[in-house]
Every structure is written in C-alpha cells, then in structure tokens.
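This report describes the fold and packing of one protein chain, then a few individual residues. Please read it alongside the sequence and the coordinates.

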Amino acid sequence: MAPSPSWLSLTDLGRIYGISAINCGRALQLQGLRDRHGRPTPGALETGAAHKHGPQTPPRTALWNAKICKGLLEKSGYQPINRTLQVEQWAELLEALEEGSPSINATAEQMAEDLPEELVGDVNDQLALRGCHFRVAHKPHQASLSVAA
C-alpha cells in the first residue's frame, strides 16, 4: 500500500474541511477511530480507516483512508471547503502577511510552506490579480514513500 490521495495525514484530511489536524483528530476520536493517545484504534485498523507502519509507530505517522474518514466527518456535520474559497483565503492571508504587521511574526514565505501543492498555481494567479508581488514557490517533488502492509 503506498501513500496516495486515498491515504492522508490528519493535516491533509483536516484541510479538506478547513479544520486543524487537532480538530480532525478529535472528531475521529469521537467516532471511535483514535484512542486518547492519538493512535488508530484496533477497529479503525480492521475496517481500513487507518494504516500505520508498525506497533511502535508514532501517532502522527498514521495514514487515514480519505473515503472512510470523509464519510464519518461529513456524517458528524463537517462540510468540505469549496476550492475557490480556499484559494481566496490563502491569497488574502499571504497578501496580508506580505504587507506586514508589527503584531504578526510569521512571514508570507513561512506561511506558504503549509499551502497544499495543488493550490499553488491558483493562489499565485489570485495574488497576481490582487496586484500582490509575492508568489509561492512550487515545492520539489519528493519520492513516494512506501508503506509496508
């Protein structure tokens, strides 16, 4: 089994719904898929909702089945964020960071590190339309990691 769009980290799964990895993890815990230590439950592993490398694998390296988890999250009331809205929100945030503020310590470059690669082109286009000179650099492609079954 190899990481693919169907196997996501909590961060990537949460991004679909505009929630943090912490909130996504809590929602999965309420559904009985994660234990209080953040590890997938035996039921989550048996049903294919989660996958981990081995018994000593830290909780953050578990991968979550997008199809199964999305169904449970949506049943709990979460709704996917519209892609257009995501692009607009990222562009607005990066533009504001580029302009700067004495009360914000993060830079646009630092925040752009968290931008999903699939949104980079659209966010850059939106920044250009806004007249902002900042552009997000494309991340170099990393070799796929294989996950032992």
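In this predicted model, the largest nonpolar core has 17 residues. Leu-13, Cys-24, Leu-28, Leu-33, Trp-64 and Leu-73 are the members with the most contacts inside it. Helices α1, α2 and α4 are the elements that give two or more residues to this core. There is also a second, separate core of 15 residues, and among its members are Leu-115, Cys-132, Phe-134 and Val-136.

Leu-33 can be followed in more detail. Setting aside residues up to four places away in sequence, Leu-33 touches Leu-28, Arg-39, Pro-40, Thr-41, Ala-44, Ala-49, Trp-64, Cys-69 and Leu-72. Two of these partners, Leu-28 and Trp-64, are named with Leu-33 among the core residues with the most contacts.

**Overall composition**

The chain contains 7 helices and 3 strands. Read from the N terminus, its elements follow the order β-α-α-α-β-β-α-α-α-α. Of the 149 residues in the chain, 33% are buried. The accessible surface comes to about 9300 Å², and carbon and sulfur atoms account for 53% of that area. Taking contacts between residues at least 6 apart in sequence, 59% join residues at least 24 apart.

**The sheet and the helix across it**

The 3 strands form an open sheet in the order β1-β3-β2, with antiparallel pairing. Strands β1 (7–8) and β2 (50–51) are at the edges and have a single partner strand each, so one side of each has no neighbour in the sheet. As a general point, strands of a sheet pair through backbone hydrogen bonds, in either a parallel or an antiparallel manner.

Strand β1 is joined to β3 (residues 63–65) by 2 bridges, and these two strands run antiparallel. Leu-8 has Trp-64 in β3 as its bridge partner. Trp-64 is also one of the residues with the most contacts inside the largest nonpolar core, and Leu-33 is in contact with it.

Helix α4 (residues 66–75) lies across β1 and β3, and runs at about 70° to β3.

**Individual residues**

Which residues does Thr-41 contact, leaving aside its neighbours within four places in sequence? They are Gly-32, Leu-33, Arg-34 and Asp-35. Thr-41 sits in the loop between α2 and α3 (42–47). With 13% relative accessibility, below the 20% cut-off, Thr-41 counts as buried.

Asn-124 belongs to helix α7 (residues 120–129). Its relative accessibility is 11%, so Asn-124 also counts as buried. Apart from residues up to four places away in sequence, Asn-124 touches Arg-135 and Val-136. Val-136 is included in the second core.

Three further loop residues are partly exposed. Gly-18 is in the loop between α1 (10–17) and α2 (21–30), and its 48% relative accessibility makes it partly exposed. The loop between β2 and β3 holds Thr-61, which is partly exposed at 32% relative accessibility. Lys-52 is found in the loop between β2 and β3 as well, and counts as partly exposed at 22% relative accessibility.

The table lists the pairs with their C-alpha separations.

| Residue pair | Separation in sequence | C-alpha to C-alpha distance |
|---|---|---|
| Gly-18 and Asn-82 | 64 residues | 9.6 Å |
| Thr-61 and Arg-39 | 22 residues | 9.4 Å |
| Lys-52 and Pro-40 | 12 residues | 8.0 Å |

**Confidence**

The average pLDDT of the chain is 85, and 85% of the residues score at least 70. Two stretches fall below 50. For residues 1–5 the pLDDT stays under 50, and the model has 12 contacts beyond four places in sequence for this stretch. Residues 142–149 likewise have a pLDDT below 50, with 13 contacts in the model beyond near neighbours in sequence. Where pLDDT is low, predicted coordinates should not be read in detail.

Note on methods: Residues are numbered from 1 along each chain as its sequence is written. This is a predicted model: local features need pLDDT of at least 70, side-chain atom pairs count only at pLDDT 80 or more; totals for chains, interfaces and linings use all residues. Side-chain values use heavy atoms; hydrogens and water are left out. Helices (H or I, at least four residues) and strands (E, at least two) are DSSP runs, numbered from the N terminus. Buried means under 20% relative accessible area, exposed over 50%, partly exposed in between (1.4 Å probe, protein chains only). Two strands pair if DSSP finds at least two bridges between them. Contact means heavy atoms within 4.5 Å. Axes are lines fitted to C-alpha atoms, for helices over the stretch in contact, and angles run from 0 to 180 degrees between N-to-C directions. pLDDT is the predictor's confidence in each residue, from 0 to 100. Accessible areas come from the Shrake-Rupley method with a 1.4 Å probe; for residues, only the protein chains shown count as cover. A nonpolar core is a set of buried Ala, Val, Leu, Ile, Met, Phe, Trp, Tyr and Cys residues joined through side-chain atoms within 4.5 Å.
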